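Take a look at the structure below and keep it open while you read.

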Amino acid sequence: MFTVEATHSAIVIGAGPAGMKAATDLANKGVSTALVDDGYMGGLIANVGDLTGPEEIKGQSGADVAGILLGNALEAGVDYRMGAASSLEQHGELWILPDLELSAPNIVVATGARLAKLGVPGEERLTGFGVSSCAFCDGALYRGEEVVVVGGGDAAFQEALHLATLCKKVQILIRGPEPRARHEFRAEAEGKTNIEIKTDTSVLEVLGDTGVDAIDVNCGGSVERIETRAVFVFVGVEPATELVPTSIARDASGALIVNHNCQTSISGLFAIGAARSGHNGQVSGAYADANLVAAAITG
């Protein structure tokens, strides 16, 4: 039976950039710190082949950076635990992860976010058979083919630019009137002869039996069919905060609301990176959050 006593001074849940950096900063400040990871080390950056952001990571793959960050954490003395946390409970001044038998007065939620889905017929059935959310993983399967990227943000444009080096044609479908991606990504995409950007276009259905053959879209009010061998979906993210008790304040997306020190509405419970409301979605923002929460916990 797990005794409710502090096993550590701080527990960081999630081994993405924010979580690993926060755990390292805390351990370097002398705080007894556990880092809990559900096995998907690196979070959403793990599938990125060419990162932008701080100079120390620019041009590297997400997997490489994740490995470096974990190495830094281990070197700092972080207690790294593999295992999914299914519940988070408060007992007096302690926060408990019962299934992992861990407890601490300070919990840092760095659970990140998951990629949102289109939610259209055919998407779930054909995921892994032409529907993907990782061009760097699956793009080579469609070398010389025509493919579609759905989304207008940085991730969508980065993935489309990678696919353009492999595929005959890449169509970027954007639901709104213009892309949200930063200027340099837009400019590079617009300069590629094999990238076409279609705005005011939303996917209605993904078609195919054993693989993707086509998609039906609403383009400016008219239904059209686009033949394609693959659909790469990057339509935003959903904060992965279901572990946190529902009594903790959230914004409309489900991200945890925090103050200037990344503390939630309950003392001792912090949220950083994509788990917190207002995160800018960039590694530099994750690192900044890590610095803030380490300073807040160490006083």
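## The second largest pocket

Strand β13 (residues 201-207) gives the most to the lining of the second largest pocket, namely three residues. Strands here are DSSP runs of E with at least two residues, while helices are H or I runs of at least four, numbered from the N terminus. On a 1 Å grid over the protein atoms alone, a pocket is an open set of points where a 1.4 Å probe fits, with protein on both sides within 12 Å along at least five of seven lines; lining residues have an atom within 4 Å of a point.

This pocket holds about 310 Å³ of space. Its lining has 15 residues, and Leu118, Val150, Gly151, Arg175 and Val235 are the closest to the centre. Sorted by class, seven of the lining residues are nonpolar, five polar and three charged.

## How the model was read

This is a predicted model, so local features need pLDDT of at least 70 and side-chain atom pairs pLDDT 80 or more, while totals for chains, interfaces and linings use all residues. Residues are numbered from 1 along each chain as its sequence is written, and side-chain values use heavy atoms, leaving out hydrogens and water.

## The sheet

Five strands make an open, parallel sheet, in the order β9-β16-β10-β11-β12; strands pair if DSSP finds at least two bridges between them. At the edges sit β9 (131-132) and β12 (195-198), each pairing on one side only. Four bridges join β10 to β16, and Val150 has Val233 as its bridge partner in β16.

## Asp216

Asp216 belongs to strand β14 (residues 214-219). Is Asp216 buried or exposed? With a relative accessible area of 13%, Asp216 is buried (under 20%, using a 1.4 Å probe and protein chains only).

How values were computed:
Points joined across faces, edges and corners; volume = space filled by probe spheres on them. Nonpolar A, V, L, I, M, F, W, Y, C, P; charged D, E, K, R; others polar. Buried < 20%, exposed > 50% of the residue type's maximum accessible area, 1.4 Å probe, protein only.
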